[in-house]
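Here is a short briefing to read with the model open beside you.

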Amino acid sequence: MGYFSVLQTQAGNNANANSAPALQEQTQAPTNSILIGESLKPIGGQEDKTDGIKLNADGSAESVNSATLLYKSWESNGKSLTLAGTSIGNGVSSVFTAAYQIEELSENKLALKIDQNILTYTKAN
């Protein structure tokens, strides 16, 4: 079952986007290697545009085409994907950690479930 967990929240106009919690460094298992790279999904209401996540082999993560959701790190046990970063909006920033259940994973597709929502990404590489 997917869930969202806020480990720490920092609010204020001067919150540091670099203060996202670093997830514990991990050794990449062969099942995790398929997660590495860019995964993109259409932006709701703007199907000609995409956003997404880039997962790097060193455990760092990056946002793709998103100025308000800044991913910093990731980890996976093969069944779930945990992302940490900073959410920025209207002068207020909050640090988050979100855990997703991996519903589907292939060379071309990544489907993540959180609560009752499924986010479907196309692997870009």
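What follows moves from the overall fold to the salt bridges, the strand pairing and the nonpolar core.

This is a predicted model, in which local features need pLDDT of at least 70 and side-chain atom pairs count only at pLDDT 80 or more, while totals for chains, interfaces and linings use all residues. Residues are numbered from 1 along each chain as its sequence is written, and side-chain values use heavy atoms, with hydrogens and water left out.

**Overall fold**

- The protein chain has one helix and nine strands; these are DSSP runs numbered from the N terminus, with helices being H or I of at least four residues and strands E of at least two.
- Read from the N terminus, the order of elements is β-α-β-β-β-β-β-β-β-β.
- Of the 125 residues in the protein chain, 34% count as buried (buried is under 20% relative accessible area, exposed is over 50%, and partly exposed is in between, using a 1.4 Å probe and protein chains only).
- The accessible surface of the protein chain is about 7,200 Å², and 47% of that belongs to carbon and sulfur atoms (areas come from the Shrake-Rupley method with a 1.4 Å probe; for residues, only the protein chains shown count as cover).
- Among contacts in the protein chain between residues at least 6 apart in sequence, 43% join residues at least 24 apart (a contact means heavy atoms within 4.5 Å).

**Salt bridges**

- How many salt bridges does a search of the whole structure find? The search finds two, where a salt bridge is a side-chain nitrogen of Lys or Arg within 4 Å of a carboxyl oxygen of Asp or Glu.
- Side chains of opposite charge can pair when their charged atoms come close.
- D51 is buried because its relative accessible area is 16%, and K41 is buried with 19%.
- Setting aside residues up to four places away in sequence, D51 touches S39, L40, K41, I43, V64 and N65; its strand, β3, covers residues 46–55.
- In the other salt bridge, the side chains of E104 and K109 meet at 3.2 Å, N to O.
- Here E104 is partly exposed, at 35% relative accessible area, and K109 is partly exposed as well, at 29%.

**Strand pairing**

- Strand β2 pairs with strand β9 (residues 117–123) in the antiparallel sense over two bridges (two strands pair if DSSP finds at least two bridges between them).
- Within that pairing, L40 stands opposite T122 in β9.
- Strand β8 (residues 109–114) also runs antiparallel to β9, joined by six bridges, and the bridge partner of A111 in β9 is T120.
- β8 and β9 form a hairpin with two residues between them, and D115 in the turn has a positive phi of about 55°.

**Nonpolar core**

- The largest nonpolar core has 16 residues, of which L55, L81 and L83 touch the most other members (a nonpolar core is a set of buried Ala, Val, Leu, Ile, Met, Phe, Trp, Tyr and Cys residues joined through side-chain atoms within 4.5 Å).
- β3, β5 (69–76), β6 (80–89), β7 (92–105) and β8 each supply at least two residues of this core, and β7 gives the most, with four.
- Beyond its neighbours within four places in sequence, L55 is in contact with L35, I36, G37, S60, A61, W74, L81 and L83.
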